[in-house]
Amino acid sequence: MKKILITGGAGNVGSYLAKTLAMSNNNEVVVVDNLSTGNIQNLNRISSNLKFIKADTNDFDSMLTIFLHHKFDCVFHYAAIVGVKRTLEHPINVLNDITNIKNVLELSKNTSVKKVLFSSSSEVYGEPFEMPQNEHTTPLNSRLPYAIVKNVGEAYLRSYQKEYGLDFNIFRFFNTYGPHQTTDFVIPRFVRLALLGHDIQVYGDGSQSRTFCHIQDNVDATIKIMEDDSYKNEVFNVGNDNEISVKELAMLIKKITSSSSRIVHLPPLEEGDMTRRRPDLTKMKTILNRDLISLEKGIVEMASVISAELGK
């Protein structure tokens, strides 16, 4: 049986990953989360081979006890402060995430862990100077604490591999959305506003573009990478390459939900709202070997979940 730790496993991506891995009786999954942004309800219907522990990854002693007791084979390190507004308003909390990266790597190298899989971000690319953005080009031109911490995390993983032989994978996530995502993020926020008939607020003129990755595509790809040792010590973009502007996204959500909401424009964000994002997905598509889930299908699913929550 493979013993797997997922830090930040009560969040949107981590919880879906945990429940998917726990569907196999060959896996024993432990989720560690301090629930500062995660939600224990995301792990409902916990199976017998999925265990939740409330703990803070910044607390070395707590994590030491967990590592020594469970003797993990691999670790998905997803614990982090997330959300554009939250990371801009609390930069010190973001920088504190360097501590949990160091804790996880130090404990992994000194115990039974064979590989650490790290949730980095498209933010490491900063403002794009080439499209699509590929794993071999990292311009390091972003000054935001969130992007800096993810770059530091990537450097730590490479350094621990070189010094101690601890294998890794780095996942650069591009806007993954799913049923457990909060309204800190654009798709669930727009869908909820549309269903309620409230104004959909767009920063600036809405021309800034993004790509949106369905949670199933994310999890299927990362599990395949975990299971295949031929991918070890590689970096992977994990996302979708169908680019859409924020204004077009609002219009699409209005259309799908048959909403009467108005699209209103707010002043642009002072920082953190990059003009474009589009990953090179050559590696991810080869691994999945299937079509990616369309944004339209994902929005329909999200609208169904939120409608049920709203009692509509």
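## A walk through the predicted model

At 27% relative accessibility, Leu-35 counts as partly exposed. You'll find Leu-35 in the loop between β2 and β3. Most residues other than glycine have a negative phi, and most peptide bonds are trans.

Ser-258 is another residue of this kind, with a positive phi near 50 degrees though it isn't a glycine. Ser-258 sits in the loop between α9 and β13 and counts as exposed, at 68% relative accessibility. A peptide bond to look up as well is the one from Met-131 to Pro-132, which is cis, with omega near -5 degrees. Pro-132 belongs to the loop between β5 and α6.

**The open sheet**

Now for the strands. Seven of them make an open sheet, and reading across it you meet β3-β2-β1-β4-β5-β6-β11, with parallel pairing. The edges are taken by β3 (50-54) and β11 (234-238); each has a single partner strand, so one side of each is left without a neighbour in the sheet. On average, neighbouring strands of this sheet are turned by 20 degrees against each other, direction ignored. Strands of a sheet pair through backbone hydrogen bonds, either parallel or antiparallel.

| Strand pair | Sense | Bridges | Residues facing each other |
|---|---|---|---|
| β1 (2-7) and β2 (27-33) | parallel | six bridges | Thr-7 and Val-32 |
| β1 and β4 | parallel | four bridges | Ile-4 and Cys-74 |
| β4 and β5 | parallel | four bridges | Phe-76 and Leu-117 |
| β8 and β13 (263-266) | parallel | four bridges | Val-202 and His-265 |

What about the two faces of β4: covered or uncovered? Both are covered, with Cys-74 and Phe-76 buried on one side and Val-75 and His-77 buried on the other. β8 is a case with one face of each kind: Ile-200 and Val-202 make up the covered face, while Gln-201 and Tyr-203 are on the uncovered one.

**Helices around the strands**

Which strands does α5 lie across? They are β1, β4 (74-77) and β5 (115-121), and α5 runs at about 175 degrees to β4. α5 (residues 97-109) also packs with helix α2 (residues 60-70), at an angle of about 35 degrees and with the axes 10 Å apart. The crossing of these two helices, α2 and α5, is right-handed. On the α2 side the contact is made by Phe-60, Met-63, Leu-64 and Phe-67, which meet Asn-103, Val-104, Leu-107 and Ser-108 of α5. Sorted by type, the residues of this contact between α2 and α5 come out as six nonpolar, two polar and no charged. An α-helix has 3.6 residues a turn, so residues three or four places apart point the same way.

Next up is helix α7 (residues 186-196). Its buried residues are Ile-187, Pro-188, Phe-190, Val-191, Leu-193, Ala-194 and Leu-195. Among the elements covering them are β7 (176-177), β8 (200-203), α9 (246-257) and α11. After α7 comes Gly-197, with a positive phi near 75 degrees.

Glu-154 is part of helix α6 (residues 145-164). Is Glu-154 buried or exposed? It counts as buried, because its relative accessibility is 1% and the cut-off for buried is under 20%. Setting aside neighbours within four places in sequence, Glu-154 is in contact with Phe-118, Ser-120, Val-124, Ile-170 and Arg-172.

Arg-290 is in the loop between α10 (282-288) and α11 (295-310). Arg-290 is partly exposed, with a relative accessible area of 32%. Not counting residues up to four places away in sequence, Arg-290 touches Gln-216, Asp-217, Asp-220 and Lys-285. Take Asp-217 from that list: Arg-290 and Asp-217 are 73 residues apart in sequence, yet their C-alpha atoms are 9.6 Å apart in space. The side chains of Arg-290 and Asp-217 are joined by a polar contact of 2.7 Å.

Note on methods:
Residues are numbered from 1 along each chain as its sequence is written. This is a predicted model: local features need pLDDT of at least 70, side-chain atom pairs count only at pLDDT 80 or more; totals for chains, interfaces and linings use all residues. Side-chain values use heavy atoms; hydrogens and water are left out. Axes are lines fitted to C-alpha atoms, for helices over the stretch in contact, and angles run from 0 to 180 degrees between N-to-C directions. A crossing is left-handed if the near helix is turned anticlockwise from the far one by less than a right angle, and right-handed if clockwise. Contact means heavy atoms within 4.5 Å. Ala, Val, Leu, Ile, Met, Phe, Trp, Tyr, Cys and Pro count as nonpolar, Asp, Glu, Lys and Arg as charged, and the others, Gly among them, as polar. Buried means under 20% relative accessible area, exposed over 50%, partly exposed in between (1.4 Å probe, protein chains only). A polar contact is a pair of N or O atoms within 3.5 Å; within protein, one must be able to donate a hydrogen and the other to accept it, and residues adjacent in sequence count only if both atoms are side-chain atoms. Two strands pair if DSSP finds at least two bridges between them.
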